[in-house]
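User: Hi! I am new to reading protein models, and I would like to learn how to go through one feature by feature. Could you help me?

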Amino acid sequence: MLFSFSPKSSTLLIFFVHGLVYAFLLLKKGFDDQNTPSKYLGTFLLLCVLYICPFMLGYAGWYSTRGHPDIMFFVPFQQLFLIGPIFYFYTQSLLNKSFKPAGKDFLHFLPAILYLIFSLIVFVTDKLILDEYYFYADGRDMDLDPWYQWAGLFSMLFYLILSLRYYRTYRNLAYQVTSYADAILFQWLQRFLLAFLLILILRILFFILNPEWGQFGNKYWYYICFSLLFYYIAINGYSSTIKSSLSFQTSFLHNEKVMLLDEKEKHEIKSLPATEDAKSGIEDLREWKQKLEDLMIRGNLYENPRLSLIDISAKLDTTPKQVSQIVNQGFQKNFNDFVNQFRTEALIQKLQNGDHQKQTLLSLALEVGFNSKSTFNRAFKKHSGLTPREFLQKLEDK
């Protein structure tokens with residue numbers, strides 16, 4: 001029988017088919033729309049689908065059925081050295097529209113290439129030269145060898161750490177450069193990073209609980225948990241891709257202001273401590289602080305929901321790095337918090353004037369430059385110590 005249906009094989013088959021569908025949809029969208037993140041995410045899902053194949057097909061009897069063991073032995077389903085780099089490249093392509101692998105970036109794929117060469121040597125030796133099992137004399141799938149599983153785990157942990165560092169750098173830069181950081185923080189990517197972390201934690205736990213990785217045993221429960229997590233990634237990743245393509249705001253705000261900075265400026269700005277000694281860094285700090293405050297208040301610049309460090313530096317006829325230093329050292333804040341404080345103060349003034357009796361709270365928040373209800377609520381609470389509703393209640397009680 002081509003596929004022996006059992007509770008275990010059938011359950012994994014469901015995830016296998018669904019994963020293939022989402023991988024195909026993302027890859028198609030990636031090539032149709034020239035959307036690089038979709039290509040990487042689709043490839044990641046395809047690798048996840050292949051990852052569960054040995055156990056899905058194993059439970060379906062392929063290791064014992066005539067002819068099928070050769071497929072299981074010689075097809076390298078589990079590309080453990082490829083999953084990590086694809087995951088890392090997806091992170092970079094999502095956060096950096098100009099990202100394109102070049103030069104030394106391809107070294108990330110070297111372990112995967114070497115393993116594919118090794119798999120090819122095994123196939124040629126056992127099937128074409130000797131016509132008998134030499135490498136597979138023990139009858140065990142080398143994809144499930146402990147050395148490969150452990151090496152794959154360390155590889156994925158390494159690339160998860162790189163991805164987390166890259167996201168943290170992007171996040172810090174977004175807060176330093178834009179006044180709308182919350183809109184470009186890619187909440188979906190945060191969930192994706194968490195899901196991938198959970199996958200790796202599960203692998204470690206199952207290594208400890210069932211170290212004989214080549215034996216099926218309790219590994220079924222690991223593969224079910226893995227399937228649930230990659231299915232979550234598939235659904236949310238695809239829906240996030242659709243929303244991004246339909247949302248003008250998301251596409252417009254896709255870190256364009258961050259990308260306008262050259263690499264040197266990015267490095268200089270992100271390396272600036274937010275609480276540096278005000279006496280060090282730039283001369284005439286008080287004068288620059290006053291200029292910046294006057295510019296913000298006189299021109300109501302905070303009302304621009306897309307206000308950036310670059311906009312301010314152009315008006316002050318200075319560099320983004322210098323403006324960042326003025327904000328960090330002079331006001332002890334990042335640029336995002338600095339602008340949101342002006343917006344909060346302007347909104348409080350409107351509330352004290354009774355404007356909330358004529359307009360909704362959200363419309364007033366949008367007038368002063370906030371771009372969403374969630375951002376407005378967080379910023380207001382951070383700078384006033386009260387939620388907007390609590391502030392209104394306190395105002396009415398006076």
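User: Let me start with asparagine 300: is this residue buried, exposed or partly exposed?

Analyst: Good place to begin! The general idea is a cut-off: under 20% relative accessible area a residue is buried, over 50% it is exposed, and in between it is partly exposed. This is a predicted model, and in it asparagine 300 has a relative accessible area of 31%, so asparagine 300 is partly exposed.

User: Where does asparagine 300 lie?

Analyst: Asparagine 300 sits in the loop between helix H13 (285–298) and helix H14 (309–316). Its backbone deserves a look too: phi of asparagine 300 is near 50°, a positive value in a residue other than glycine.

User: What is the phi of glutamine 332, and where is the place of this residue?

Analyst: For glutamine 332, phi is near 55°, again a positive value in a residue other than glycine. Glutamine 332 belongs to the loop between helix H15 (320–331) and H16. With a relative accessible area of 41%, glutamine 332 is partly exposed.

User: Why is H16 described as largely enclosed by the rest of the structure?

Analyst: Count its buried residues: 13 of the 18 residues of H16 are buried, so the helix is largely enclosed. For the protein chain as a whole, 48% of the 398 residues count as buried.

User: How do I describe two helices that pack together?

Analyst: Two packed helices are described by the angle between their axes and the distance between the axes. Take H14 and H15: their axes come within 8 Å and cross at roughly 100°. That makes H14 roughly perpendicular to H15. Where they meet, Leu309, Ile310, Ile312, Ser313 and Leu316 in H14 face Pro320, Val323 and Ser324 in H15 as contacts.

User: How many helices and strands are there in the protein chain?

Analyst: The protein chain has 19 helices and 0 strands.

User: Which residues have the most contacts inside the largest nonpolar core?

Analyst: That core has 75 residues, and those with the most contacts inside it are Phe44, Leu45, Leu189, Phe192, Phe196 and Ile233. Several helices each supply at least two residues of this core, including H1 (7–33), H2 (36–51), H5 (80–95) and H9 (219–246). The largest share, 11 residues, comes from H8.

User: Which residues does phenylalanine 44 touch?

Analyst: Leaving out residues up to four places away in sequence, phenylalanine 44 touches Ile83, Ile86, Phe87, Phe192, Phe196 and Ile233. There is also a second, separate core of 34 residues, which includes Met296, Leu307, Val368 and Phe380.

User: One last thing: how far along the chain do contacts reach?

Analyst: Among contacts in the protein chain between residues at least 6 apart in sequence, 73% join residues at least 24 apart.

Definitions and conventions. Residues are numbered from 1 along each chain as its sequence is written. This is a predicted model: local features need pLDDT of at least 70, side-chain atom pairs count only at pLDDT 80 or more; totals for chains, interfaces and linings use all residues. Side-chain values use heavy atoms; hydrogens and water are left out. Buried means under 20% relative accessible area, exposed over 50%, partly exposed in between (1.4 Å probe, protein chains only). Helices (H or I, at least four residues) and strands (E, at least two) are DSSP runs, numbered from the N terminus. A nonpolar core is a set of buried Ala, Val, Leu, Ile, Met, Phe, Trp, Tyr and Cys residues joined through side-chain atoms within 4.5 Å. Contact means heavy atoms within 4.5 Å. Axes are lines fitted to C-alpha atoms, for helices over the stretch in contact, and angles run from 0 to 180 degrees between N-to-C directions. Angles under 35 degrees count as roughly parallel, over 145 as roughly antiparallel, 65 to 115 as roughly perpendicular and the rest as oblique.
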